[in-house]
Amino acid sequence: MNVLVYSGPGTTPDSVKHCLESLRRFLSPFYAVVGVDANTLKNEPWPSKTALVVIPGGADVPVCRELNGRGNQVIRDFVRKGGRLMGFCSGAYYSSAYCEFEVGDPLMEVSGTRELKLFPGISRGCAYKGFKYGDEAGSRLSELTVNKEFLGLDIDRSFHYYNGGGVFVDADTYDNVTVLAEYVDKVEVEAGNVQAAAVHCTLGSGAAILTGTHPEFLPELMAGQHSDDKNYAEIVKGLSEHNEERRLFLRACLQKLGLKVNDSEVVRPRLTPILLTSPVPGVVDHIVEGMINDIGLSGEENNLLRATNDTFRLHPIGESLSFDTQLSKQEEFEDPDTAIKELYVCGDTIPDRKLTSYFDIKKYFRFLQENYGSLDTVRAGSVLFYGEVVTSTNTLADKNFAVLKNLPSGTVLAASVQVSGRGRSGNVWINPYGVCASSLILDLPVTYTHAPVVFIQYLTALAVVEAVKSMGAGYEDLPIKIKWPNDIYAMKEDYFGRQLDVNDTEPAYVKVSGILVNTNVMNGKYKCIVGTGINLFNKAPTTSINSTIASWNNIRAENGLEKLEPISEEQMLAKYMYYMGEFFEKFKQFGFKALLPTYYKHWLHTGQIVRLQDHGLVRAKITGITDDFGLLVAEEVNMTSGKLTGKKYHLQPDGNSFDMFNGLISKKVN
């Protein structure tokens with residue numbers, strides 16, 4: 001499930017940053033906390049996949065311009081049907097029935113009705129005078145009394161950053177509103193009987209929490225900013241001293257909205273060094289020489305590679321490899337996007353396990369060689385960049401063009417943890433330990449028209465499933481399938497052994513792997529970056545392949561069969577790389593037609609009845625995939641007779657979204 005943080009016009013970069021960081025700490029890995037624009041909220045089919053929508057601070061008038069009408073209608077309907085919303089500061093003004101901001105000030109006043117009306121009354125501010133846009137003149141450390149009984153807290157007070165927020169007028173008089181917190185210091189506008197700083201509002205079967213303060217602001221992210229402002233420094237100091245109360249309040253609010261919340265904040269681990277190695281002689285030297293020639297070295301020690309998106313500190317062969325790579329919490333905030341990435345060049349000297357305690361590189365190459373027979377030339381997986389904690393394997397390749405240019409086809413970037421993992425529609429999340437994350441580089445000539453690039457995602461899904469099912473005798477029976485076009489699903493234990501109708505498969509399956517393919521054109525080639533995240537042995541947010549194996553072993557035991565062993569990360573990556581390499585070579589020679597029978601054997605959809613949203617919700621039966629351009633073929637079903645009419649629809653995998661929950665195929669909006 002997703003948590004969508006609106007990050008379009010009307011929000012400030014700081015407010016969005018604090019929202020994303022705070023919510024990820026409490027909600028990862030159970031939810032993907034992602035920033036979205038107004039276009040997404042207005043046009044994408046997000047409600048069925050979303051638990052919470054968040055409107056951060058900034059200024060609410062631009063948000064009105066973006067979302068009034070269609071956007072607010074979708075959001076309000078989402079809440080009414082059981083969804084949840086949080087609004088911080090200007091997001092709270094925006095979510096109230098009426099906004100009154102600095103009334104009487106000819107330069108600052110904003111007054112008027114608002115469409116969401118989740119709080120049915122007036123949000124009036126500023127609660128405390130002095131606010132200026134883009135300034136800290138009116139900021140303060142705000143002390144609040146909290147509704148400990150309603151929130152289930154053991155604290156009486158909480159302390160938040162405040163800058164321009166309002167008070168919820170007469171909040172205690174509405175039947176659908178509960179006051180969560182009150183300002184301690186007297187507010188400077190008329191508030192009614194209580195000085196409501198935060199409220200819980202219900203609408204239909206859904207709910208919203210709105211705050212005039214910023215419980216999502218983290219003092220460690222604020223530290224060092226506005227260093228010449230003594231008042232701001234005192235605010236940060238006060239927030240740091242009372243950080244536990246702030247955390248408890250925010251966590252209780254998320255729980256009150258019904259979200260699954262971590263017991264304590266999951267602080268993003270620090271980035272660890274990246275190791276570059278390969279058993280293929282000379283290939284690592286060639287890669288590094290190419291990057292240096294294209295980028296150049298800089299810095300005091302002349303060892304920095306400043307690529308397009310990231311800066312790498314180059315550590316040459318022979319330099320001591322004695323760094324600490326434990327997945328420990330950071331003592332102070334590290335911005336992973338701007339932090340220098342330490343790159344250790346190991347060449348064909350394979351690093352020892354003591355340097356990578358969560359992944360045995362030697363064992364990985366041994367498994368890879370067992371599959372291929374030899375590793376004397378570059379094949380899929382034989383050149384490895386590995387980091388225990390990285391930003392995103394896809395980003396490291398896709399956003400650093402001079403690096404990507406020098407990576408031979410078959411290079412793989414792998415990690416045990418990604419702190420900025422990437423998915424479709426720009427989704428970003430922290431993937432937990434236990435997810436086998438990798439990005440494989442594949443080259444395809446742009447003049448090669450026999451097999452379009454769109455098939456790469458089909459190959460990848462097929463390779464993941466085949467890798468699991470070829471681990472040995474018995475693994476071929478594991479109930480793991482492909483959801484079109486490229487997600488991998490595993491059957492839930494409760495459905496083992498049941499005969500399932502093709503139109504009723506969604507409740508029985510849960511996602512265990514996703515795939516993202518990015519393509520660049522360089523030197524007459526498609527440079528495809530094939531990103532996969534395989535839930536191998538992680539405990540959340542969904543099931544994993546090894547937990548499916550453990551459950552399947554109960555069935556095997558009942559039939560007197562030996563149990564299947566769990567799959568290690570080294571085995572999984574090596575086997576997946578092998579099948580990806582084999583399928584890719586076959587694909588280049590013969591196109592996807594030769595692989596279609598195997599793909600059909602593993603997918604969920606032949607004969608499934610769906611509704612096509614962009615064709616008037618017509619009912620259609622899925623009959624297959626075209627072998628020339630990879631289009632999904634669906635044939636119209638007569639609404640009265642239930643028979644096929646002969647009219648066919650051809651749907652693009654990268655232009656449509658398949659919502660299995662509702663049997664709905666709809667157009668994607670970027």
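Predicted model: local features only at pLDDT ≥ 70, side-chain atom pairs only at ≥ 80, totals over all residues.

Reader: How many bridges join strand 11 to strand 12?

Author: Strands of a sheet pair through backbone hydrogen bonds, either parallel or antiparallel. Here strand 11 (residues 177-183) and strand 12 run antiparallel, joined by 5 bridges; Val-177 has Cys-201 of strand 12 as its bridge partner. Strands are DSSP runs of E, at least two residues, numbered from the N terminus, and two strands pair if DSSP finds at least two bridges between them.

Reader: Which residue stands opposite Ala-198 in strand 13?

Author: That residue is Thr-211, while Cys-201 faces Ala-208 of strand 13. Strand 12 pairs with strand 13 (residues 206-211) over 6 bridges in the antiparallel sense. Their hairpin has 2 residues between the strands, and Gly-204 takes a positive phi near 60 degrees there.

Reader: In what order do the strands form the open sheet?

Author: The order of the 9 strands is 2-1-3-4-13-12-11-8-9, with mixed pairing. Strand 2 (32-36) and strand 9 (157-162) are at the edges with a single partner strand each, so one side of each lacks a neighbour in the sheet.

Reader: Why is strand 12 largely enclosed by the rest of the structure?

Author: Strand 12 (residues 196-203) is largely enclosed because 7 of its 8 residues are buried, that is, under 20% relative accessible area (1.4 Å probe, protein chains only).

Technical notes:
Residues numbered from 1 in each chain as written. Heavy atoms only, no water. Buried < 20%, exposed > 50% of the residue type's maximum accessible area, 1.4 Å probe, protein only. Helix = DSSP H or I, 4+ residues; strand = E, 2+ residues; numbered from the N terminus.
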